[in-house]
Amino acid sequence: MKRTDLKRLAIDGGHPVRTKPLPPYFPGAMVMGAAEKKAVLSVIDAKSPFRYYGPHLLGKVQKFEGAFTGYLGIRYALGVTSGTAALRVAIEALGIGPGDEVIVPAVTFVASPNAVLCARAVPVFADVDDTMSIDPDAVERLITSRTKAIMSVPILGVGPKMDRLRRLSAKSGIPLLEDVAQSCGASFRGKQLGAFGRISTFSLQLNKIITAGEGGVVVTADPVLYERAVRYHDQGQLRGAHLAILGKTRVAPFAGENYRMTELTAAIAAAQLRKLPSILRRMRAARSRVEKATKGMQNLHLRPSHDHEGDAGSSVSFLLDREKDAQWFVSAINAENISAFRLYDGVASYMNPQISGKDVASTVKCPYECPLYTAKVDYHEGLCPNAESLMRRSVCMGLPPVLTAVDTADIIKGIRKVYGALYEK
Ligand SMILES: Cc1ncc(COP(=O)(O)O)c(C=O)c1O
């Protein structure tokens, strides 16, 4: 092959950096194996996939919850069916409902505002800082007498300024709710994300750092919030297993739903949790190689971080100066078989149609037309300009823990090739 063929971009008909795609971004799933298999089979052999009773109950959910509290250094953990379920349960545990507002970052998956809306409360969007995390100054400006929680969402393993958010929460008396769905294992100044919130949530969906396909966890240090979460996730009931953990009940029964985790989910999740330190180590090592190799590229600005060491390392993201360049960069590098994307395709959370359209499933349009809600919100382009600009100019790459040295070298080659074509012509 001629040298010019190697330099010519794949989108222009050149030879791609890789003939085959990289391993997909399913961090936990890519390291699934014998341990998960054995754990699942043990549940089936015991014929006891339900968490509270069965012919030979193994207590997998309870053991997973215990391991999770140990990992995070927080008192209570509750396994649920998904990250969205965890958010729903946490919001209900906080007693949030019609007439209330929750401050949500403009950069997040639509599940975060959806969970607020499904509690008939109103998401109010705060702009982000240059790390693409919720900006505490923007939060402070949005606080009203209606604000009942501040949601912090670390995106792709990189978290907000947790010390400022914690102080703001303490000063205002408004609880911090951490949605750590994407960033299990990330920390801020040595403390795990999820341990800062009054109540926090995790997801175990397939794209997450540890996974059971679906699943979620709610964590808190507060016995009342834990009991409320337990009750909401299980039809208002407080069963013996939880009562034993709590010592006594502090909450009268109230109507709830069913978001109970199965023993099968917990069996897989527990095996994954044991692998979390090695998953993090491998992802961080790949990230550090890519960052080192791209340091001198002046037009490729590394997404900043408030605690680089504490980031999960599950992604490496760059910011270009112009939206058009980021769009082109992503198409060109994908053609090289190196997967990259603009964060949420450049769409701020409030511009998802289910949010911007201000619609809900019921015919009565609560919370927007609820008599208890006395303010008016509007979701439109330009609402959070920093978020919109950063997302549109972003080039993000997921880094699963199974990347080989060759895979990482190919990522670097791909970046160099596309960067060269864009900026060094
Ligand atoms: C920030 C954020 N919150 C919540 C969720 C919802 O999690 P799940 O898909 O497990 O319901 C996700 C994941 O998709 C997410 O990225």
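Trainee: What should I keep in mind about the model and its numbering?
Mentor: This is a predicted model, in which local features need pLDDT of at least 70 and side-chain atom pairs count only at pLDDT 80 or more, while totals for chains, interfaces and linings use all residues. Residues are numbered from 1 along each chain as its sequence is written, and side-chain values use heavy atoms, with hydrogens and water left out.

Trainee: OK, how many residues surround the ligand?
Mentor: The ligand is surrounded by 14 residues, where a residue is near a molecule if one of its heavy atoms lies within 4 Å of it; the closest are Gly-83, Thr-84, Asp-179, Ser-203 and Lys-208.

Trainee: And how does that shell divide into nonpolar, polar and charged?
Mentor: The shell has four nonpolar, eight polar and two charged residues, with Ala, Val, Leu, Ile, Met, Phe, Trp, Tyr, Cys and Pro counted as nonpolar, Asp, Glu, Lys and Arg as charged, and the others, Gly among them, as polar.

Trainee: How far is Thr-84 from an oxygen atom of the ligand?
Mentor: A polar side-chain atom of Thr-84 lies 2.5 Å from a ligand oxygen, and a polar backbone atom of Gly-83 is 2.7 Å from an oxygen atom of the ligand. For Gln-182, an N or O atom in the side chain is 2.9 Å from an oxygen atom of the ligand.

Trainee: Which elements give two or more residues to that shell?
Mentor: Those are helix 4 (83-93) and helix 5 (111-118), helices here being DSSP runs of H or I with at least four residues, and strands being runs of E with at least two, numbered from the N terminus.

Trainee: Changing topic, how many cavities are there of 30 Å³ or more?
Mentor: The count comes to two, a cavity being a set of points, on a 1 Å grid over the protein atoms alone, where a 1.4 Å probe fits but cannot get out, with lining residues having an atom within 4 Å of a point.

Trainee: What lies around the largest cavity, and how much space is in it?
Mentor: About 70 Å³ of space lies in the largest cavity, and its lining includes Val-158, Arg-287, Glu-291 and His-308. Strand 11 gives the most to that lining, with three residues.

Trainee: And what is the volume of the second largest cavity?
Mentor: The second largest cavity has about 50 Å³, and among the residues lining it are Gly-157, Phe-188, Leu-193 and His-306.

Terms used:
A polar contact is a pair of N or O atoms within 3.5 Å; within protein, one must be able to donate a hydrogen and the other to accept it, and residues adjacent in sequence count only if both atoms are side-chain atoms. On a 1 Å grid over the protein atoms alone, a cavity is a set of points where a 1.4 Å probe fits but cannot get out, and a pocket is an open set with protein on both sides within 12 Å along at least five of seven lines; lining residues have an atom within 4 Å of a point. Grid points are joined across faces, edges and corners, and a volume is the space filled by probe spheres set on the points.
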